[in-house]
Amino acid sequence: MKWAQTTFAATALALAATPMAQDDATATEVAKDSVLMQALRDELARSMQELQLEDAQRPYFLAYRVFENAASSATASLGGLLNVNNGQNRQLVVELRVGDYDFDNTNFMSLRNASAMLPAIAAISVDDDYDTLRRQIWLATDTAYKRALDQLAGKRAALQNKTQVEEVADFTREEPYRFDGWTESRIDPSPAPDLAVQVSAVMQGMPHLSRSEVRVLTSYDRSWFVNSEGSAFVRETPFIGLYALAASQADDGAELQDGVHVWVRHWDEMPDSTALTAKVQAMANHLLERREAPVADRYSGPVLFEDQAAAELVTQVLGPRLIALRLPTPDNPQMEQAFAQFRNPFLDKIGGRVLPRFLSIVSDPTLEAHEGVPLHGRQPVDDDGVPARRIALIERGMLKTLLSTRTPLAEVPASSGSRWRDAPVPSNIIVQPTRGMSAEELKEELFLLAEDRGLDHAIVVRRIGTRLAKLSAGTFGFFGPEASNVEPLIGVYKVYPDGSEKRIRLASLSAFSESDFRDIVAVSDATTRHETGFSPIPPGVPAASGGIWPISVITPALLFEDVTVRRPPGNIRKPPVAPHPLAKD
Amino acid sequence: MDRTRTAVGFGARGSHLVTPALAVALFATSALADVLDVMRGELERSHQVLSDQKTPIYYLSYEITEDKTASVNGSFGAVTGWNQAETRGLDIDLRVGSPDFDNTRELRSQRGGFPNFRTIVQVPLADEALRTILWYQTDRKYKDALERFTMVRSDEQVSVEADDQSGDFSVEKAEQASEETAVIEVDRAAWEDRVRRFSAPFSASPHVFQANATIWADAETRWYVNTEGSAIKTSSAYYRISISASTRAEDGMVLPRTEQFFSLTPEGLPDDETVMATVRQMVSDLEALREAPLVEPYTGPAMLSGRASGVFFHEILGHRLEGHRQKGATEGQTFRKMVGEAVLPETFSVVFDPTIKRLGGTDLVGAYRYDNQGVKARRVPVIEDGVLTNFLMGRIPIEGFPKSNGHGRKNTGFAPVARQSNLIVEVSQTKTRDELKAQLLAMAEKEGKPFGLLFDRIQGGFTITGRSLPNAFNVTPTVVYRINLDGSEELVRGVDLIGTPLTAFSRIVAAGDDLAVFNGTCGAESGPVPVSAVSPSILVSQIEVQKKDKSQTRLPILSPPGNPASAFGAMLPGSAGARR
C-alpha cells in the first residue's frame, strides 16, 4: 500500500569505497585532502599558539571532535508508515584544557556556575567550505576557552580550603596516534520506509497484539578528531538497525512486551524478507504463548540463564561495573554525598575475586567476528584518539582492571582506549570459561541443586528484556537504565526433572547484583553471541552523554545457585473495554 | 503556568532530506481517500461500546495531524544541515459525564503539577493499523477519563462554589468538509544555494558570531471526526524563510536581529533580491547596534511600529480575551467583567479573523478553516469602537458565552483551549508618521522628558495572565530609536518594553496610517500555534522600559581566521544611530 511515498531522486551513492585504513603513526597527515581536517588543524594550531586572555593561562591541550551524521529513520505499524525522518548535520565538540595534566579545569562541578560546565558544541557546515568552517571552529574554541578559565578558577577557589584525600591527575599522558579510515561512503536511506512497512505488515491479523511497531534506522557516522598532541583520526561507522517491537495484553490486563533487532553495516547484509518474517513471527508467537502462561510465583533457588538471557545479565548487571567512570568533584557536600552512592563497588575489588575461578572476561574491540559473524563492538580507535585494544578485565575470577578513558582514577590511572562520548564503554565482551559443562551436565547440576532445596522444579531463563528499545505509552522510545538493574524476564520456564517445561510470565529478578556473579556454580562449555546496547551512565547522574552503545557479548550459559524470581511490583492496568477491532465475537 | 510566549521562530524545527538537483514534489501524497471513513468506523464502534458502560462516554473525537516538512539550514555562506520528516500525530477528546459537568473540569483544589504533559501518538494511514491504534488509545483515554471524573467529582465537593456556573463543553453543529491534500514543493539543491547566499554577507562582519538562514516548508493535513457527526479534512502548505544573526557589543550584550518571510505558496516567498536587501540591512543594523548607546530604565511616551504594536496587542489584549481564562481559578481574569465597557479609544476596533488568508501584501499564518474542535472558523470582533464585546471561544463555555466561535486550537498532543488566530487592529482615524512623531515630541516636552522612544523591529514577547505572579507583559525589541526633542532619531539598545495590561491599554492615544503584519508562533498551554497580528503603528502616552538581560561574556579573543587585524580594532565605527 503506497500513499505517502517519499520521492528520493535517484542518487548515485559512492557506496563501499575501499577503506584506506591505516594505523601507521608515522603517517604525516590523516585525511590529507579533507577541507574539514585542514580547517580543524589550522585553527587548532592558531589557537594553541595565540589563544590567551591577558594574563590568564593558555590552553595546554585542545582537541576537536566532529561528529558527522547522515541519518534516517522510518517507523511503521501493521503495514502503515507512522513517520519518517531524514537529515544530515555536523557537530563540533571542543575539548579545551587549561592548567596542566595534573590539575586542570575538568573533573569539577559547581552549580554556582553551571554554564561553565557546558561542553562547547557547535553545528558546523556540512559544506566543505574552508572559510566558514574556520570561523565556526574559531567561535566555538573561544567559548570553550572562556568556560575552561571560569571552571579552573572556580575549581581552585572551591578546593583551596580542602585537603584532597586522593591526589589523582586530571588527564593521562598518551602517545600520539593516527588512524585514517576516511572514505566517501554513505548509506542509501531510501529502502528504510518500505522495509519498515513490509516487516510491520507481518504482524497484521494478530488480535493478540495490542500494539506493534517496526523502526528502521540508518546512519553513517563519520568522526573526525585532531588534538594538540599530534593525534588524529577519521573513523567511520555505518549502521542499519531494524527493530520490531510488539506488546500484548493478557486477560488480566498485564502488558507483555518483546522485540527483535537486526543490526548490519550494509544493506546487502540485511537478512531477506523470509528470514525477517520468520523472526518477527516467532516473536509474535512467543507473545501469544506468554499471554496464556501462568503468572510467576515467588521462587528462590537455582536458576540457569541461557543464550540471550546470559548475555543480557552480563550486560545489565556486570557491564556497568566494568567501567571506571570518574564523577566530577562537586563543590557542595550534599552533591558529594549523592555522588558517593554512584561509586562503582568494583573499584574496591581490583585484585580481588569477583567471579568463580573458572571464568575470565575480556573486552576486545579488535575482534572482527565470532564464528564468521561480524561483531558490533569492533572499534579501531576510541573518542580520545587512543588505539582500542584487548583488555583482560577478569582473569580466572580475579578483577584485574576496569575500562577507562584519559580521565584517570586512583584505581585505574591509565586509559584503556575505551572512550565513547564522555564515558568508557565495553566493546566486545567475551566471557571465557576454562571449565564448562555440556548442556546435559548443566541441567543435571541444576536439578541436583533444586533437589537440595527440596524443590520439585527449577527455573531456566532464556530471554531478558533489552534496553535497546521499548514501546512507550505513546510511541516508540529509546530508554536508558531504569531504577531496577535488570529488565523484566521475558522467556522464563519452570523445568522439571522429567524434561517437561512450563512457561511462566510476569517474572523479574529480586535484589540481584554484581556480587551474585561470584557465586556462579557452573557454566556451559559452549558460548553464544548476542548483540545488545550498553548505557554507561548510572541512573540519576548528570552527564553530557546518553544513548545506547552497541556491543556484542559472547558468553556461556550461567548457573546460579540462589536467585529469587518473583512477580514484578506495581499494579496492572485493566484489560481493554472494547475488543480488538480484528477480534471475532 | 499561565505564561505565554510569542516569537518569530517556530517551535519544532524539522528539516530536510535531500535530493540533489531538480525540483521534486516531496512526498507527493496520494492520500487515502477513506481516512475519514476508517476513523469514523472506529469512532462509532468505540462510541457504541463505551456508551454501554457504567460510566458512559457522551462525546468522542479523533484528530490526526500530518506534517510533511523539509528544511535546509545555512550559516555564514555554507549549508549546516538539512532535514526532511513526515509525522502523523493522533489526538483524542473523550468525555464522560455530561456537557454540564465532565471529566475535563478544572480541579480547583489542586494547584501546581504538570497538567499539560504532552504525549504524541503516531498513526499510519492504513486501515488495520489505524483502527488498532485508535482502539488501543481510545481505551487508554477512557480509563484516564474515568480516573479524572472521579477526581473532578470529589473536587467539586471539597471546593467552594465556582464563580462561573457555566458547563464544561458546548454543543456545536456537525460540519463536513474535505480539501485536497496539500503538497510542498522542495528543491533541495536550490534551497541550499539560497541559504548559502542569504547567510554569506554576515561573514564579512567580524563581530557577527551567529548567523543562520533557514528555508522551511510544511504540508499540514488534518483529519477530524467526532460523535456529533463532523467529518473534516483540511490541508495547507506553509513556506518560510528565516534569517537570524547576532552580534555582541563591547560590554557583552548580545544583539540579535531576526527576519522572516512567510507564505502559503512557494511563489509567495520573496525573490533573492528582496531577501538580500533585508540581509544587507541586518548586517548594517548589527554593526550600528554595537555602537549604539544604552538606554537607562525610563517611562515616557513611545511609538510602536505596526509589527511591535501587533505583538503588543497580542500579549496584553489577545491572551486576556481567551475565553477559558475568564473562569480559570488561578487566572487574572482581567477583562471578565468589562464586557460593554470602553477599553480603548473609540477610534479603535480589534477583530480576530482566521478566515482572512492575506492582508497588506502578506499571507497570514493564523488563518484556518476549522479549529481543532470541529468548529468552523469565523470573524470575531472583540473590540468595537473601543468597547469590549466578545471573547475568543473554544468549546469551553463561560457565563454569558455558551458557544464556541471557532478558536479552540492546539498543537498535536495537547488539549485545545481558546487561542488567538489573526489579530487585526482597525483604526478609523489615522495619522501620518510625521503627525504621530510630532505628537510624541509634544507629549515628551510637556512631561519634561528629553526624548521619546520608537520601537521598530521586535523579536517577540510574553505575558503572564495568572494571579500568582504580577500580570505583566514584555515585548522584546531588537531595534529601538530614541527620538530627541529636536526630531533627530538615534539608534539605542539595551531595553525591553514592559508594563501591565490595563495601564498600558489606557495610554494608547493614536494610530498611524500604515499597516504591518507579524507572523509568528504563539506558545501557551495548548502548545505552539501559528498566529498573526496586524496593526498600524501606534502612539502610547506612557510606556516603561527595563534593562535587557545581558551576557557578561567578552568578545572573541582572537580575530576571525584569515583576518590579520584584531576583532577589537578592525571595525569601522559604522554609521551608528542616525536614521532618517
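This is a predicted model: local features need pLDDT of at least 70, side-chain atom pairs count only at pLDDT 80 or more; totals for chains, interfaces and linings use all residues.
Of the 580 residues in chain B, 54% are buried.

In chain A, the domain assignment gives domain 1, covering 35-237, and domain 2, covering 299-566. Taken over C-alpha atoms, the centres of domain 1 and domain 2 of chain A are separated by 27 Å. Domain 1 of chain A brings 28 residues to the contact, and domain 2 of chain A brings 22 residues. On the side of domain 1 of chain A that touches domain 2 of chain A, the elements giving two or more residues are strand 1 (59-77), strand 3 (108-109), strand 6 (209-227) and strand 7 (232-249) of chain A. Strand 6 of chain A gives the most to this side, with five residues. By residue type, the side of domain 1 of chain A that touches domain 2 of chain A divides into 13 nonpolar, seven polar and eight charged residues.

Attention now turns to helix packing. Two packed helices are described by the angle between their axes and the distance between the axes. In chain A, helix 1 (residues 35-50) packs with helix 2 (residues 130-159) at an angle of about 40 degrees, and their axes are 9 Å apart. Helix 1 of chain A is therefore oblique to helix 2 of chain A. The crossing of these two chain A helices is right-handed. Among the residues that meet here are A:Leu36, A:Leu40 and A:Glu43 in helix 1 of chain A, and A:Leu133, A:Ile137 and A:Trp138 in helix 2 of chain A. The residues of this contact in chain A comprise eight nonpolar, three polar and three charged.

Chain B has a helix pair to describe in like terms. Helix 1 (residues 35-51) and helix 2 (residues 127-158) of chain B pack at an angle of about 35 degrees, with 10 Å between their axes. Helix 1 of chain B and helix 2 of chain B make a right-handed crossing. Residues making the contact include B:Val38, B:Met39 and B:Leu50 of helix 1 of chain B, along with B:Leu130, B:Leu134 and B:Trp135 of helix 2 of chain B. Seven nonpolar, two polar and three charged residues make up this contact in chain B.

How values were computed:
Residues are numbered from 1 along each chain as its sequence is written. Chains are lettered from A and ligands numbered from 1 in the order in which they are written. A residue is buried if 20 or more other C-beta atoms lie within 10 Å of its own, exposed if 12 or fewer, and partly exposed in between; C-beta atoms are placed from the backbone. Domain bounds come from an automatic or database domain assignment. Two residues are in contact if their C-beta atoms, placed from the backbone, lie within 7 Å. Helices (H or I, at least four residues) and strands (E, at least two) are DSSP runs, numbered from the N terminus. Ala, Val, Leu, Ile, Met, Phe, Trp, Tyr, Cys and Pro count as nonpolar, Asp, Glu, Lys and Arg as charged, and the others, Gly among them, as polar. Axes are lines fitted to C-alpha atoms, for helices over the stretch in contact, and angles run from 0 to 180 degrees between N-to-C directions. Angles under 35 degrees count as roughly parallel, over 145 as roughly antiparallel, 65 to 115 as roughly perpendicular and the rest as oblique. A crossing is left-handed if the near helix is turned anticlockwise from the far one by less than a right angle, and right-handed if clockwise.
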